[in-house]
Amino acid sequence: MLTSVVICVYTEERWEDIRQAVESIENQRRKAHELILVVDHNPGLHLKLTRAYPKAVVVENSHEQGLSGGKNTGADVAGGDIVAYLDDDAVADPGWLEALEEGFQEPGVVGVGGRTDPLWASERRPRWFPHEFDWTVGCSYRGMPAVRAPVRNVMGGNAAFLREAVTGVGGFHSGIGRSVQGRKSRPLGCEETEFCIRLTQRRPGSVMLFEPRALIGHKVPRQRETFSYFRSRCYAEGLSKALVTREVGTQDGLSSERAHALKALPKGALRGLGEALRGDPGGLGRAGAIVIGLAWTAWGYAVGSWRLR
């Protein structure tokens with residue numbers, strides 16, 4: 001099977017990030033069939049990338065502005081059997097593509113997601129930041145499987161899907177995630193969650209697989225290391241989950257979230273309190289952040305659900 005790697009980009013401000021992301025694909029042990037750079041309605045960046053990367057397929061987003069439209073454009077032009085997506089501010093491990101492709105050897109697998117580790121701008125994790133909430137910065141989080149396992153959905157910045165599966169169910173829906181990139185707006189998400197659930201609903205027996213060997217590092221800028229961003233991201237996630245449940249139903253739309261809230265978060269809060277008692281003051285901050293993060297996410301979901309009604 002051949003794999004097309006898609007990186008969606010939108011601003012020259014991330015030029016160095018884009019360069020490092022592209023370089024990480026060029027350094028893969030198993031080479032991609034092609035690299036596709038989808039530019040989100042930015043003619044200047046499109047021209048600059050075309051000149052800088054003549055071997056890549058550089059195209060403009062032909063769908064609605066935003067990440068979902070960019071991903072759909074990548075799937076439309078891809079020539080590979082598999083479409084792999086990498087964030088423009090991420091760096092893939094040399095074995096990333098190989099691990100993703102091997103996941104498709106298992107029966108029924110239509111999507112494979114990898115492990116995403118945070119690359120903190122300050123070079124160290126904030127002491128108050130709980131591992132259970134690493135999803136707020138686009139990374140794998142405590143509570144996810146530690147080994148290869150089926151999951152409800154994969155994370156969109158480190159994922160691969162059968163191309164015909166993406167196009168066959170209508171691709172990623174706009175209006176759930178970041179529909180307008182590059183503007184100061186609420187940090188919504190969940191477009192890949194809705195897509196994965198919709199795909200498995202329409203194609204019973206389809207499997208989404210988590211493969212931790214497919215490793216990337218995802219850059220976390222300093223503004224996302226703040227508690228204010230953490231809070232706003234949790235609230236936005238609640239709003240996004242309300243949109244997801246409207247599309248795919250509450251049972252599937254909240255199944256993973258219920259399990260995380262009932263198991264991983266209480267354990268995390270207790271762990272933080274225990275660490276505080278053993279002399280780590282950051283443990284108290286982590287326990288408090290878990291409580292606040294859960295409350296803000298639930299509040300966002302309640303507000304989003306009320307608005308939709």
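This is a predicted model: local features need pLDDT of at least 70, side-chain atom pairs count only at pLDDT 80 or more; totals for chains, interfaces and linings use all residues.
## Overall build

The protein is built from ten helices and nine strands, and its C-alpha trace spans about 55 × 40 × 35 Å along the principal axes.

Of the 309 residues, 54% count as buried. Among contacts with a separation of 6 or more, 76% are accounted for by residues 24 or more positions apart. The protein exposes about 13,900 Å², and carbon and sulfur atoms supply 53% of that area.

## Aromatic pairs and a cluster

A search of the whole structure finds 14 aromatic pairs. One of them joins Tyr-85 and Phe-172, whose ring centres are 5.8 Å apart and whose planes stand at 90 degrees, so the pair is edge-to-face. This pair links distant parts of the chain, since Tyr-85 sits in strand β4 (residues 82-86) while Phe-172 belongs to the loop between α5 (163-168) and α6 (191-202), 87 residues apart. Tyr-85 counts as buried because its relative accessibility is 2%, and Phe-172 counts as buried with a relative accessibility of 2%.

A further pair is made by Phe-161 and Phe-195, with ring centres 5.1 Å apart and planes at 85 degrees, so this pair is edge-to-face. It also links distant parts of the chain, with Phe-161 in strand β8 (residues 158-162) and Phe-195 in helix α6, 34 residues apart. Phe-161 is buried, with a relative accessible area of 1%, and Phe-195 counts as buried at 0% relative accessibility. Elsewhere, one aromatic cluster is formed by Trp-120, Trp-128, Phe-129, Phe-133, Trp-135, Phe-227 and Phe-230.

## Glu-237 in helix α7

Glu-237 lies in helix α7, which covers residues 227-248. Although glutamate carries a carboxyl group, Glu-237 is buried, because its relative accessible area is 10% and buried means under 20%. When neighbours within four places in sequence are left aside, Glu-237 is in contact with Trp-135, Cys-190 and Thr-297, and Trp-135 is itself a member of the aromatic cluster.

## Ser-24 in helix α1

Ser-24 has its place in helix α1, made up of residues 15-26. With a relative accessibility of 6%, Ser-24 counts as buried. Not counting residues up to four places away in sequence, Ser-24 touches Leu-86, Val-91 and Ala-92. Of these, Leu-86 falls within strand β4 (residues 82-86), the strand that holds Tyr-85.

## A nonpolar patch on the surface

Leu-270, Leu-273 and Leu-284 form a nonpolar patch on the surface, and together these residues have about 310 Å² of accessible area. Leu-273 lies in helix α9, which comprises residues 255-277. At 40% relative accessibility, Leu-273 counts as partly exposed, because that class lies between the 20% limit for buried and the 50% limit for exposed residues.

Definitions and conventions
Residues are numbered from 1 along each chain as its sequence is written. Side-chain values use heavy atoms; hydrogens and water are left out. Patches are made of residues with over 30% relative accessible area and no salt bridge: like charges are joined within 9 Å, nonpolar side chains (Val, Leu, Ile, Met, Phe, Trp, Tyr) within 5 Å. Accessible areas come from the Shrake-Rupley method with a 1.4 Å probe; for residues, only the protein chains shown count as cover. A salt bridge is a side-chain nitrogen of Lys or Arg within 4 Å of a carboxyl oxygen of Asp or Glu. Helices (H or I, at least four residues) and strands (E, at least two) are DSSP runs, numbered from the N terminus. Buried means under 20% relative accessible area, exposed over 50%, partly exposed in between (1.4 Å probe, protein chains only). Contact means heavy atoms within 4.5 Å. Rings of Phe, Tyr and Trp (its six-membered ring) pair if their centres lie within 6.5 Å; planes under 30 degrees apart count as stacked, over 60 as edge-to-face and the rest as tilted.
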